[in-house]
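I opened this entry to look up helix packing, cores and a few single residues. My notes follow in the order I took them.

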Amino acid sequence: MASNKVKIGLMGLGNIGLGTYKTLEMNREAILAATGVDFEITKILERDVDRERDIVVPREKFTQDADDLFKDPEIQIVIGLLGIKNEGDFMLRAMENGKHVVTANKAAIAAQYDELREAAIRNNVMLRYEASVGGGIPILTCLTGALQANQYQEVLGILNGTTNYILTQMTDYDLNYEDVLKDAQAKGFAEPDPTADVEGIDVANKLSILISLVFGERVRPDEIPTTGITGVTKEDIVAAAERGCKIKLIASARKNGDKLEYSVKPTEIPFTHPLAGVSNEFNAVYVTGNAVDELMFYGRGAGPLPTGSAVMGDVIEIGKAIVKNAAYDLVVAGGK
């Protein structure tokens, strides 16, 4: 198969950026053999050039000027992994310069969904964000691809590894919330400031994206009734168990007639439900469609390599479209 070079600009070489870089480097020959596309990260936007990393990156690839990525005519894809609040603005600039964009930044996608979608359509570029909802779980690709013949009735998700780890440890080992949080922080499962996770903000961002894709409705994260896990006690967990249930932080969206109901909150899940068996830092999405019935997607919802895998999956799909000069898949860019 003939080789086609696709050059990439990477914004951010933190944990997820490293996972993406490693995923490409360790599988580059296999990707080339399978697709005929030779992907190369040629420039990296990164403020901290000298930080110690467990990979060797040529220093000439680094830049602190985003325009070095956006205005480079050879770069065709920009990956947004800065993890900052205004990353959506960087993605808009990239698309205005004719770059296809891949990101894992759920807050940016949820906050600027319509604006980003319109920019992708206006500039005839692809916008992909598989890694923004389920880390390594390919939920968005399946929902908008193999399952698109369905009308969806309900989506339930355990979409945050930090909170699921904390609730699992409290349930299985009769521990207090405060003690488990400290343990999760020590193990790297929780941030030093865990607010976005434990208060459900992270999950609301992800549910907002799912609602847009699954139900074709725009619901902003701050419009989703959201309750975190900080109020869950050992007594609550014991009482739930006596009723044959586990408490999980559940993102829920379901059709009730013509009305869409949605929430993020600690929810009692029967022991017999597949989501009850999702433990520790693992995530899962449970979907009901009118044709396919019930499906569950399960896996690692975070982590450098699982998330890097999803990022590179999006990059590869765009790369294959580029070399075929194919029409761009704006369904993934904009939902239904």
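**Helix 3 and helix 5**

I began with helix 3 (residues 87-96) and helix 5 (residues 113-122), whose axes lie 9 Å apart at an angle of about 10°. Helix 3 is therefore roughly parallel to helix 5. For the record, angles under 35 degrees count as roughly parallel, over 145 as roughly antiparallel, 65 to 115 as roughly perpendicular and the rest as oblique. Axes are lines fitted to C-alpha atoms, for helices over the stretch in contact, and angles run from 0 to 180 degrees between N-to-C directions. Helices (H or I, at least four residues) and strands (E, at least two) are DSSP runs, numbered from the N terminus.

This is a predicted model: local features need pLDDT of at least 70, side-chain atom pairs count only at pLDDT 80 or more, and totals for chains, interfaces and linings use all residues. Residues are numbered from 1 along each chain as its sequence is written, and side-chain values use heavy atoms, with hydrogens and water left out.

Gly88, Met91, Leu92, Met95 and Glu96 of helix 3 meet Glu115, Leu116, Ala119, Ala120 and Arg122 of helix 5.

How many of the 10 residues of helix 3 are buried? Seven are, so helix 3 is largely enclosed by the rest of the structure. They are Glu87, Gly88, Phe90, Met91, Leu92, Ala94 and Met95. Buried means under 20% relative accessible area, exposed over 50%, partly exposed in between (1.4 Å probe, protein chains only). Just after helix 3, Gly98 has a positive phi of about 80°.

**Cores**

Next I looked up the nonpolar cores. Such a core is a set of buried Ala, Val, Leu, Ile, Met, Phe, Trp, Tyr and Cys residues joined through side-chain atoms within 4.5 Å. The largest has 67 residues, and Met95, Ile139 and Ile166 touch the most other members. Helix 11 (residues 201-215) gives the largest share of this core, nine residues. Apart from it lies another core of 31 residues, including Ile41, Ile77, Ile316 and Ile322.

Not counting residues up to four places away in sequence, Ile139 touches Glu130, Val133, Gly134, Leu210, Val285, Val287 and Phe297.

Is Lys206 buried or exposed? At 6% relative accessibility, Lys206 counts as buried. Lys206 lies in helix 11. A polar atom of its side chain is 2.6 Å from the backbone oxygen of Leu159. Leaving aside neighbours within four places in sequence, Lys206 contacts Lys106, Ser132, Val133 and Leu159.

I then checked Asn205, also placed in helix 11. Asn205 counts as buried, at 12% relative accessibility. Beyond residues up to four places away in sequence, Asn205 touches Lys106, Ala107, Ala110 and Pro221.

**Helix 8 and helix 9**

The axes of helix 8 (residues 161-173) and helix 9 (residues 177-186) come within 9 Å and cross at roughly 130°. That makes helix 8 oblique to helix 9. Their crossing is right-handed. A crossing is left-handed if the near helix is turned anticlockwise from the far one by less than a right angle, and right-handed if clockwise. Tyr165, Ile166, Gln169 and Met170 of helix 8 meet Tyr177, Val180, Leu181, Asp183 and Ala184 of helix 9.

In the loop between helix 8 and helix 9 I found Asp174. Asp174 is not a glycine, yet has a positive phi of about 55°. Asp174 counts as partly exposed, at 46% relative accessibility.

**Helix 1 and helix 13**

How do helix 1 (residues 15-35) and helix 13 (residues 304-324) cross, and at what angle? Their axes come within 8 Å and cross at roughly 45°. The two are therefore oblique to each other. The crossing is right-handed. Contacts include Ile16, Gly19, Thr23 and Met26 of helix 1, and Leu305, Gly308, Met312 and Ile316 among the residues of helix 13.

I ended with Asp293, in strand 11 (residues 293-300). Phi of Asp293 is near 70°, a positive value in a residue other than glycine. Asp293 is partly exposed, with a relative accessible area of 47%.

Key:
Contact means heavy atoms within 4.5 Å. A polar contact is a pair of N or O atoms within 3.5 Å; within protein, one must be able to donate a hydrogen and the other to accept it, and residues adjacent in sequence count only if both atoms are side-chain atoms.
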